[in-house]
Structure formats: C-alpha cells, structure tokens
Amino acid sequence: MAYKVYLKKNEEKRIVAGHSWVYANEVMKIENRDKNGSLAEVYSYDGRFIGKGYINHASKILVRIFIRNDSTDDEEYYLDSLKQADGYRKKLGYENCYRMVFAEADNLPALIVDKYGDVLVMQCLSLGIDMRKKLICDCLIKLFSPKGIYERSDVAVRKKEGLEEVKQLLYGNVPDYQPICENGIKMLVDVKNGQKTGYFLDQKENRLTARKYCKGEVLDCFCNSGGFSLNAATVADSVTACDISELALKNVRDNAELNGFKNIQTLCGDVFEVLRGFKKQKRQFDAVILDPPAFCKTADEVKDAYRGYKDINLTAMKIVKSGGFLLTCSCSHYMSFNLFEKMLMEAARESGRNIRSVEIKTQAPTIRLCFVQTKHNISNSLFYRSFELIMCNIVLKILKKRGLDRVFLYLIKLPNYRL
C-alpha cells in the first residue's frame, strides 16, 4: 500500500503554492509501508490531498512531488510529459542541440535529458527516477528514435540520494565525440567524459550575443571545449582560448579545425595566474570573456567564492583595452545576482577603470525557471530551480580612466519562462 505522508501544521503552504520538494523535517507522520523510491501520497496536517511524488528515506528531500491529481506514473504519463517538454523547445525553434528535459521545470523531478544531434544524454539524480530509468529510456526511444542514449549520472548530488555515480551506455551506439551544430558552428561534443553531459547548453544564446562584442583581440578564459571562442572567432582578428585542461584545449583545436578557423590559439594554464601574467606583461585585449565553473556549491563557500570572482574580474578589467568589453559570467547558485553585481562594482572601483554595464542575460530558455510564491511578501519571493543552476551573464564596457561618476546602463534580456 502506498505511503501516506502527512505534513506538520502550516508546512504545506510552500508546496501548495507550487514548490515540489517535501523535506523530512516538515513531516509529522508517515502511514503504510511500501518500497523506498515508490510513489507516495502527500497530505496536509488536516488531511487535504496535496500531491504524489517519489519518496526516499535516505534523502533530506523526502518526497519530490510531480503529480497533483489522481494520475499515476505509468508509461502514458512519461510519454506525455516528455513529449510536452520537447514540444516546448521545438516551439522556440530548437532543433539540433538543446536541453530537452529540465527536471522540476518540466514536472519530471531529478531528470535531465540533453539532445546532441541524434544522441540523447540522461542524468538520473534521485532514487525514484533512477529506479524508472528503463521505462524512461523506452519512452525516449518510442518518441524520438535516437541512435543512442548515454547516461551521465556521474554527479556528487546522487550520494545525497544514497546512489553511486555512474556512466554507461543505455541504448544503441554513442561515439566518443558527437557532432552537433550550434549557432551555425560545427562542434564535437565529448558526451562520455566532458563537463556535465558533455557541453554547456545553457550558454547558447549568450555565445551568439558575444559576437557583437568580440572584435579585435579576444581572450576567452575557462574556455572548456571552446563555445565562446568559436563564436568569437567568426568576427575577431585573433582569439586566445585558455583553460587548465589540455584535453579541453585539444577539443577546442579540433573544433576550430572542423570549422576552418585559423585565428584561434590555445593556452593551457591556471586562469588566475594567466590573468596576472598578462597584467604584469601589460598585455591587453579588446574583449575578455570569463565563464568560470561554479566557485561555490554551498552557502558556506560564498565568501571564498566572492573573493575568487572578484580576483579574476578585477584583473580582467585591468587587461581590457580602453573601449573594450568584459563578458563575465557566474553559474553559482549561492552567488546571487545582487551579490555578483556588488562584486563587480567593487572590482570596478579598485581597478581604476570607468565601466558601464551594457547588457545582462541569463541561461537559455530551454533551461527555464519555476517561479513559486513563498511565505514572504512578493518582494521577497524566491524562484526555485533544479540542481543549483542560476546564470548571470553581464557585458561591461571598459572606458579609459575612472571619471567622477560611474554610469551603469542596463539592457535586460530575459528568456521566456513558463510559470
């Protein structure tokens, strides 16, 4: 018989408003017995039905709700949900490579599906989803007929669910490097060993936007497989792609050759040290791109992350030519936009440069956010996303020397999110 989870008094407000996670410390009692990972029913303190979701007694997130009616998690449910998720992306014009499923935002908690041409890459980040891996694969095959499906569940968050990290072929054939086309550029994506599921699909639109700022000499820091570098190379005189990973830089060189770009050179090194070296040499660039990995994974790491972000942005500001641009990004959830902006203002003040903020962007609309009402007033409402992803992408124009006033001009472009 299915578990019945009853919440403590008033703990249902956030969940009724749309949030899907039920934390273990919010639960008053659990009735009946079933398998761990099974579909559980959640009720308010006074017995009102709230929804159904997969239960995991080993996780602080006891239940992840995704059904709020009398439906069940059968094949029909998954077929319909996957079809709707992909249909949303198709409506926005995505075809070759994009995030097909983004967990809670697509009402499929803890499930990530990325499309790379005719190959799909999955992440199963909770016990309930992991137990239904075969069902989900069968549905993906039935709907999309991929040549292969590869699992990249090699992420630390699975340990919180009592699961081991795993990488494996689930269906068909998947090459070591899968060809894709993004923004008219051909790329080879390392779906088996690359970052995340192989490539950072969240920056697609921002890489295209970068082209208008990347004239002259460009430095792309934390370049990974070269998404920004390749887009910059379409308009720049020269691009220096810098990363600490020689494997990533080989991928950049291969992708540059694939597109016939002769204006990209790679530089292997620690970006912090590389930036300091350029500053010492008085080497400057027309545009500098900073797209680092997340500097903090928990709230306790924010102070150290703040110092790290400030360090690279301050040094980068000093090596941008007058009239040039700094394109700076953050994907750290706990580094909020306001905190990131505060850091940039401090860095600008200490750099001695006069700076304008000319454009602010976020992640691709395929990786959308779910807005829910919290118990606080609307000005304090939070948006909840899946698996600690928040993107701040800011373009700064670097002027000559600091004037009496610093002017910040904002052109805000946000993707369309389904509420």
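Analyst: The protein chain comes to 10 helices and 23 strands; helices (H or I, at least four residues) and strands (E, at least two) are DSSP runs, numbered from the N terminus. This is a predicted model, in which local features need pLDDT of at least 70, side-chain atom pairs count only at pLDDT 80 or more, and totals for chains, interfaces and linings use all residues. Residues are numbered from 1 along each chain as its sequence is written, and side-chain values use heavy atoms, with hydrogens and water left out.

Of the chain's 419 residues, 55% count as buried; buried means under 20% relative accessible area, exposed over 50%, and partly exposed in between (1.4 Å probe, protein chains only). Take contacts between residues at least 6 apart in sequence: 66% of them join residues at least 24 apart. Contact here means heavy atoms within 4.5 Å.

Now to the helix pair. Two packed helices are described by the angle between their axes and the distance between the axes. Helix α9 covers residues 302-318 and helix α10 covers residues 337-351; their axes come within 9 Å and cross at roughly 45 degrees. Axes are lines fitted to C-alpha atoms, for helices over the stretch in contact, and angles run from 0 to 180 degrees between N-to-C directions. The angle is why α9 is called oblique to α10: under 35 degrees counts as roughly parallel, over 145 as roughly antiparallel, 65 to 115 as roughly perpendicular and the rest as oblique.

The crossing of α9 and α10 is also right-handed. A crossing is right-handed if the near helix is turned clockwise from the far one by less than a right angle, and left-handed if anticlockwise. On the α9 side, the residues making the contact include Val302, Tyr306, Tyr309 and Leu314. Among their counterparts on α10 are Leu339, Phe340, Met343 and Ala347.

A disulfide is a pair of cysteine sulfur atoms within 2.5 Å, and the structure holds 0 disulfides. Cysteine 181 is likewise in no disulfide, with the nearest cysteine sulfur, that of cysteine 97, 7.3 Å away. Cysteine 181 is partly exposed, at 37% relative accessibility, whereas cysteine 296 is buried, at 3%.
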